[in-house]
Amino acid sequence: MRECFNERVASEDMGFVELAEKNEDSRTDWRNRIGKSTVSNLLKANDVPVVDADLVSRDVLKKGTGGWKKVVAAFGEDILLPNGEVDRAKLGQIVFSDSAKRQLLNRLLAPYISSGIFLEILKLWIKGCKVIVLDVPLLFEAKMNKWTKPIIVVWVDPDTQLRRLMARDRTSEEDARNRINAQMPLDIKRNKADIVIDNTGSLDDLNEQFRKVLFEVTRPLTWTEFWLSRQGAVSALVSVIVGVLVCRKVL
C-alpha cells in the first residue's frame with residue numbers, strides 16, 4: 001500500500017469542480033481561498049481515497065468523547081459553545097497565541113488523532129485500496145513523513161499564504177500570523193517534499209500540475225508496496241498455506 005501525505009496551505013477551500021463551473025468573479029474568490037482541499041477534492045473525484053486529518057480531529061473533539069473531556073478539563077468550560085461543543089475558533093485563538101498551550105493541546109489530542117487516522121487507513125486497506133492519500137496539516141511537525149511516500153506539499157509564497165488565510169477565516173493579520181508561525185515554514189516543507197504543487201498560478205496551472213500528481217500516486221505498485229497491500233498480504237498468506245501443505249505431503 002502506497003500512502004501519500006498531502007500537506008496543506010489552508011483548510012476547507014472550495015473544490016475545483018465547483019469553481020470551474022462558476023463565472024469570472026469566482027476566479028477572484030478562488031485566488032483568495034484555494035488550498036490543499038482543492039487537491040484533495042480532485043483526488044477524490046478521480047477515485048483516490050483520502051483520509052482527512054482535519055475531519056478526524058473534529059471527531060475526536062465532539063462532545064462527550066475522550067478528547068473532548070481532556071481538552072475541557074485542561075482549558076475550562078469557557079471554550080464551550082451553548083450546546084456543549086468546543087468553540088474551535090476560540091480554542092484556536094488561545095493555542096495559536098501561546099506555544100505552551102498549543103503544545104499541551106497537541107499532547108492531549110495526538111493519541112486520539114493518530115488512532116483515528118490509523119482506523120481510517122485500516123478500513124480502506126480492508127476494502128482493498130492500494131493507494132491511500134493522507135491529508136495531514138502538521139505532517140513534518142508530527143514526524144509522520146517517514147511513514148509515507150511520496151510526500152506532496154502544496155506551496156505558496158508567504159505573502160499569499162497570509163492573505164488567503166485572512167480571507168478564508170475573516171481574521172485579523174495578527175491572528176493569521178500566529179497560525180502561520182505555529183507551523184513549519186512552507187519553504188522548509190517544500191525542500192522536504194517529493195512533489196511540490198506551486199499554488200500561486202491559475203486554475204489551469206493547478207490542473208496541469210494535478211495531472212502529474214495523479215500519475216505519480218496511481219502508478220503501478222512496486223513489489224514492496226504490493227506486498228503491503230491487502231492483495232499482497234492475501235497472496236503471501238496463500239503462498240505460506242500452500243507451502244506448508246506441500247511440505248507435509250512430501251514429508
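Predicted model: local features only at pLDDT ≥ 70, side-chain atom pairs only at ≥ 80, totals over all residues.
Okay, hi everyone. Let's get our bearings. The chain has 13 helices and 5 strands. It runs to 251 residues, and 40% of them count as buried. Now take the contacts in the chain with a separation of 6 or more: 71% of those come from residues 24 or more positions apart.

So, on to H4, which covers residues 53-60. Which residues of H4 are buried? They are Ala53, Asp54, Val56, Ser57 and Val60. If you look down the axis of H4, those buried residues fall within an arc of 160°, so they line one face of the helix. And what do they pack against? Quite a list: the helices are H3 (36-45), H5 (66-75), H6 (88-96) and H7 (99-127), and the strands are E2 (50-52) and E3 (131-135).

Have a look at the start of H4 too. There, a side-chain oxygen of Asp52 comes to within 2.8 Å of the backbone nitrogen of Asp54.

Let me zoom in on one residue of H4, Val56. Its relative accessible area is 8%, and the cut-off for buried is under 20%, so Val56 counts as buried. What does Val56 touch, if we skip residues up to four places away in sequence? Ile113, Gly116, Ile117 and Glu120. Here's another pair to find on the screen: Val56 and Ser114 are 58 residues apart in sequence, yet their C-alphas are 8.9 Å apart in space.

Next, H3, one of the helices that the buried residues of H4 pack against. How do we talk about a pair of helices? Two packed helices are described by the angle between their axes and the distance between those axes. For H3 and H11, which spans residues 203-217, the axes come within 11 Å and cross at roughly 55°. That makes the two helices, H3 and H11, oblique to each other. The crossing of H3 past H11 is right-handed. As for side by side partners, H3 brings Thr38, Val39, Leu42 and Leu43, and these meet Leu206, Phe210, Leu214 and Val217 of H11.

Last stop: follow the chain into the loop between H3 and E2, where you'll find Asp47. Most residues other than glycine have a negative phi. Asp47 is not a glycine, but its phi is positive, at about 65°. Is Asp47 buried or exposed? Its relative accessibility is 72%, so Asp47 counts as exposed.

Terms used
Residues numbered from 1 in each chain as written. Heavy atoms only, no water. Buried < 20%, exposed > 50% of the residue type's maximum accessible area, 1.4 Å probe, protein only. Helix = DSSP H or I, 4+ residues; strand = E, 2+ residues; numbered from the N terminus. Arc of directions from axis to C-beta. Contact = heavy atoms within 4.5 Å. Polar contact = N/O pair within 3.5 Å; in protein donor to acceptor, adjacent residues only side chain to side chain. Axes fitted to C-alpha atoms, helices over the stretch in contact; angles between N-to-C directions. Parallel < 35°, antiparallel > 145°, perpendicular 65-115°, else oblique. Left-handed = near helix turned anticlockwise from the far one by under 90°.
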